[in-house]
Amino acid sequence: MPSKKTNTAAEPEMVGATMSEYDGVRFLHLDSIWIQGAMRIAKPNQLELEYIQRMMAWLLWRPEEEVTDGHCVQLGLGAAAITRFTHKVLRMQTTAVEINPSVIQACRLWFRLPDDDGKLSVVNQNAARWVLDAANRHTAQVLNVDLYDHDAAEPVLDDEPFYAACRDVLDEGGLMTVNLFGRHASFQRSAARIARVFGLDQVWSLRPTQEGNTVVVAARHVKVPDRETLTARAANIESRFGLPARKWLRMVRPLDPAVLAGPAS
């Protein structure tokens, strides 16, 4: 996982990936008890963790006829759940950026991560460097950001310059989802930074999961359709991909303007 500083000259110490199993589910760890990802062994392409399912809420913002078009990027590989899903189920062009080679190796050994092919690229690089690379500007329709270290305390890349670089990676109409801890004191600070970069009217959040994960969705010039269209999209997502999109629709809200009272970067 990337460093806590956006100064990309400083690389973090790498922590070895380990694996555990319980009740048919395999878990990824980074030298701690905290779960970095999970895979149901019998159903490797199913999204096992609830917050990971909610990271796919961007599907609601895309028209049905182009919902799986384009390039989907993950910053932070975890147990490769989103990468497997976008590559194998959505069949999108997929890029995953992961700084820790031990995580990539673990995903290929234990978590059914395929080898790179014409539609999949796994890049061993600091996410801060990757989003700043001019070659990656406006190349993604979807960006999933889940960057936590082995302590899982707070995002390790989380300032306005980082989110501005993420916005630059998105093409017009592109969408970003970010995993934040909604019950943590850092949530308002992180959400405020995202809103300052994307604009308050282009940022939404879902309710926290039981574990406290809150998914924030941010868009680059997306017009939200009427409720009837969103309901139809949710039904289509459930039918095609088996994700609880109608439940997401009940829990998604525009970001509270009060978050902008939070501290600036």
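This is a predicted model: local features need pLDDT of at least 70, side-chain atom pairs count only at pLDDT 80 or more; totals for chains, interfaces and linings use all residues.
Quick housekeeping: local features need pLDDT of at least 70, side-chain atom pairs count only at pLDDT 80 or more, and totals for chains, interfaces and linings use all residues. Numbering starts from 1 along each chain as its sequence is written, and side-chain values use heavy atoms, with hydrogens and water left out.

OK, the sheet. We've got 8 strands in an open, mixed sheet, ordered β6-β5-β4-β7-β8-β10-β9-β11. Strands here are DSSP E runs of at least two residues, helices are H or I runs of at least four, both numbered from the N terminus, and pairing takes at least two DSSP bridges between two strands. β6 (120-124) and β11 (253-254) sit at the edges with a single partner strand each, so one side of each has no neighbour in the sheet. Further in, β4 (71-75) and β7 (140-145) pair parallel over 4 bridges, with C72 opposite V142.

Now helix α6, residues 186-198: it packs on the sheet, touching β8, β9 and β10; contact means heavy atoms within 4.5 Å. Beyond four places in sequence, S190 contacts P155, D158, Y163 and L180.

Last, the cores, meaning sets of buried Ala, Val, Leu, Ile, Met, Phe, Trp, Tyr and Cys joined through side-chain atoms within 4.5 Å. The largest has 36 residues, and L75 and I194 are among those with the most contacts inside it. α6 gives the largest share, 6 residues. A second, separate core has 35 residues, including W248.

Technical notes
Axes are lines fitted to C-alpha atoms, for helices over the stretch in contact, and angles run from 0 to 180 degrees between N-to-C directions. Buried means under 20% relative accessible area, exposed over 50%, partly exposed in between (1.4 Å probe, protein chains only).
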